[in-house]
Amino acid sequence: MNILVLTAHPNLKASLVNRVWFDALSDVAGITTRDLMAVGGREMKFDPEVEQALLRNADRVVLQFPFYWYSSPPVLKAWLDQVLLAGFAYGPGGNQLNGKELVLAVSTGGPVESYRTGAFNNFSMSEFLTPFRQTALITGMTYLPPFVLHSAMSQDQIRIGGSVPALIAHLTGQQPEANAKLAG
Ligand SMILES: Cc1cc2nc3c(=O)[nH]c(=O)nc-3n(C[C@H](O)[C@H](O)[C@H](O)COP(=O)(O)O)c2cc1C
């Protein structure tokens, strides 16, 4: 299986969690990692043909990012807007992503217990991630359960490193699809 990991962090060098994940995933056979800020630069400009060719070659696409204001950093939005074009991802003839899998790998500062009704963040991660899930559905992709690491700001290097085996197992393993049910 070809796995394409698109990492969206405004400053991967200064990152604690996502840099460790990026470096570890870069060493896994069958995984291609891509630092979107390094590719798109400060202007976040992408060549859709290059990005689309990478997508065509992938069986599973991973969107990896720190949770910023209940969504992704802007470079991922820029990439989505410039790459998932009509005739490729949707609309007439836009079936190039059909049958591929989409999975998110997200780190959050907030602790797990803050992501529920009545708590600090009021909504579940599944609810916050709904636009990504619908993006998978509209493009004919299978949305797999996300990998979420909470309390990322209080993680020390040992605990961050400890998340790596579970991350790799999650991203490379066979997973029940989440299209039919909301993941928690
Ligand atoms: C601009 C900004 C917005 C953030 N918004 C959220 C948020 O909405 N929810 C949350 O749980 N954490 C939030 N955080 C914390 C980040 O998710 C956390 O710092 C990140 O996951 C750590 O990963 P890193 O070490 O790879 O940067 C935010 C951080 C920044 C800088």
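Ground rules. I am working from a predicted model, where local features need pLDDT of at least 70, side-chain atom pairs count only at pLDDT 80 or more, and totals for chains, interfaces and linings use all residues. Residues are numbered from 1 along each chain as its sequence is written, and side-chain values use heavy atoms, with hydrogens and water left out.

Entry, helix 1 and helix 7. I looked up residues 17–26 (helix 1) and 157–172 (helix 7): they pack at an angle of about 50°, with axes 9 Å apart. Helices here are DSSP runs of H or I, at least four residues, numbered from the N terminus. Axes are lines fitted to C-alpha atoms over the stretch in contact, and angles run from 0 to 180 degrees between N-to-C directions. The two helices are therefore oblique to each other (under 35 degrees is roughly parallel, over 145 roughly antiparallel, 65 to 115 roughly perpendicular, the rest oblique). Contact means heavy atoms within 4.5 Å. By class, I get 10 nonpolar, 3 polar and no charged residues for helix 1 with helix 7.

Entry, helix 3 and helix 4. The axes of helix 3 (residues 48–57) and helix 4 (residues 74–83) come within 9 Å and cross at roughly 90°. That pair is therefore roughly perpendicular. Helix 3 brings Pro48, Glu51, Gln52 and Leu55, and helix 4 brings Trp79, Gln82 and Val83.

Entry, ligand. A ligand oxygen is 2.7 Å from a side-chain N or O atom of His9. Val17 has a polar backbone atom 2.9 Å from a ligand oxygen, and Trp69 has one 2.8 Å from a ligand nitrogen.

How values were computed. Nonpolar A, V, L, I, M, F, W, Y, C, P; charged D, E, K, R; others polar. Polar contact = N/O pair within 3.5 Å; in protein donor to acceptor, adjacent residues only side chain to side chain.
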